[in-house]
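Colleague: I am new to this structure and would like to go through it with you step by step. Could we look at it together and take the questions one at a time?

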Amino acid sequence: MHTALYIFSSILIIISFVPLIRNDYWTFRVFEYPRLQKLVLTIVSLVLLVIFCEKTTIFYIYITLLSGTIIYLTKQILPFTPIGKKQILRAKKDIPDQSISIMISNVFEDNTNYQGCIAEIKKTGADVVLLLETSHKWMEELREATDAYPFRIEKPIDNTYGMLLYSKLELKDSEVKFLVEDDIPSIHTKVILPSGELVQLYAVHPTPPVPNENPRSTERDKELLMIADEAEKSELPVIVCGDLNDVAWSYTTELFLKTSQLLDPRRGRFFLNTFHAHHFFMRFPLDHIFCSTDFKLKRMKRLYNFNSDHFPILTELQYERSADIEQEENTLDVDQEDIALAKEKKEKC
């Protein structure tokens, strides 16, 4: 019993700190995902050691290591709780012609509950709907809902990386790009708000660092940092959304935010876990929306799951130029060493 507890504690300590090793191989990157789960298990392990183990030297060493791990993980998690500092302020007044609502849903290509997805699209009535993992079959089956959207960018692909974007707002200068891999698209378009304001929108879905797809995170990281570069250079308000196949607190996401100078509306509020929809204890925030300081948050919520492995999310933002001044202090400081690493990553592959 004692030996098993010490082995279990050792594993928890190792997997909690191994993501600090800046290696792109999946065995290092995948342990960035279950941060909350690691915290819960570490607390449980510490309690079990106190209850069942003798107070020897090794006991006190492990109690110290586990306590340090708990402090470290707690510090990483707090920014995504109400205790943390908000990056995006709440909109205090409703300005409909400067608002945009976006529904993001990874439908899971093998899922056949088309009617469930149609119901969610109709129920939300979002201005923009981004659907991921969409095959040709999915595109055709969703016509009942998507025909209501006059503007569209459709790139169905039968490889779990198809992408469909539908909009009630006019789109301009729309492009589908393959930034890193020939079969992994991203959508780049400008959205015209009812007020006439142009917003630059990027929709992305890079590959995850897993053995059966990409054993390294290099391609994912490179695509995200290329988008971050474009976002930082844009003279328009920017929104980046999609399934990033990365968690909100990872090193790559932090680097993305620093490089792009975009903000995360979840900080200071909640995790908003979207994957895995069928396993309560193993859920992570993989579907994201980031925006520039031109926006304030009206609402953000998780939607009903229609048999996909992801929950859809709905976010409504409001463009307010004055938000620049109010939210400026919430942007992440840019570390020049981090920027140098970002440039190095972009030159890989």
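Colleague: By class, which residues make up the lining of the largest pocket, and how many of them are charged?

Modeller: Please keep in mind that this is a predicted model. The largest pocket has a volume of about 410 Å³, and of the 22 residues that line the largest pocket, Pro208, Val210, Asn245, Phe275 and Leu286 are the closest to its centre. Sorted by class, the lining holds 11 nonpolar and seven polar residues, and the number of charged residues is four.

Colleague: Is His310 buried or exposed?

Modeller: His310 is placed in the loop between strand 10 (295-302) and strand 11 (313-319). Because buried means under 20% relative accessible area, and His310 has a relative accessibility of 3%, His310 counts as buried.

Colleague: With which side chain does the side chain of His310 make a polar contact?

Modeller: Leaving aside neighbours within four places in sequence, His310 is in contact with several residues, including Asn106, Asp243, Phe275, Leu286 and Asp287. The polar contact made by the side chain of His310, at 2.7 Å, is with the side chain of Asp287.

Colleague: Which residues of the largest nonpolar core touch the most other members?

Modeller: Nonpolar side chains tend to be buried together in soluble globular proteins. Ile102 touches, among them residues well known from the list, Ala126, Val128, Leu201 and Ile239, not counting residues up to four places away in sequence. Of the 30 residues in the largest nonpolar core, those that touch the most other members are Ile100, Ile102, Leu165 and Ile239.

Notes
Residues are numbered from 1 along each chain as its sequence is written. This is a predicted model: local features need pLDDT of at least 70, side-chain atom pairs count only at pLDDT 80 or more; totals for chains, interfaces and linings use all residues. Side-chain values use heavy atoms; hydrogens and water are left out. On a 1 Å grid over the protein atoms alone, a cavity is a set of points where a 1.4 Å probe fits but cannot get out, and a pocket is an open set with protein on both sides within 12 Å along at least five of seven lines; lining residues have an atom within 4 Å of a point. Grid points are joined across faces, edges and corners, and a volume is the space filled by probe spheres set on the points. Ala, Val, Leu, Ile, Met, Phe, Trp, Tyr, Cys and Pro count as nonpolar, Asp, Glu, Lys and Arg as charged, and the others, Gly among them, as polar. Helices (H or I, at least four residues) and strands (E, at least two) are DSSP runs, numbered from the N terminus. Buried means under 20% relative accessible area, exposed over 50%, partly exposed in between (1.4 Å probe, protein chains only). A polar contact is a pair of N or O atoms within 3.5 Å; within protein, one must be able to donate a hydrogen and the other to accept it, and residues adjacent in sequence count only if both atoms are side-chain atoms. Contact means heavy atoms within 4.5 Å. A nonpolar core is a set of buried Ala, Val, Leu, Ile, Met, Phe, Trp, Tyr and Cys residues joined through side-chain atoms within 4.5 Å.
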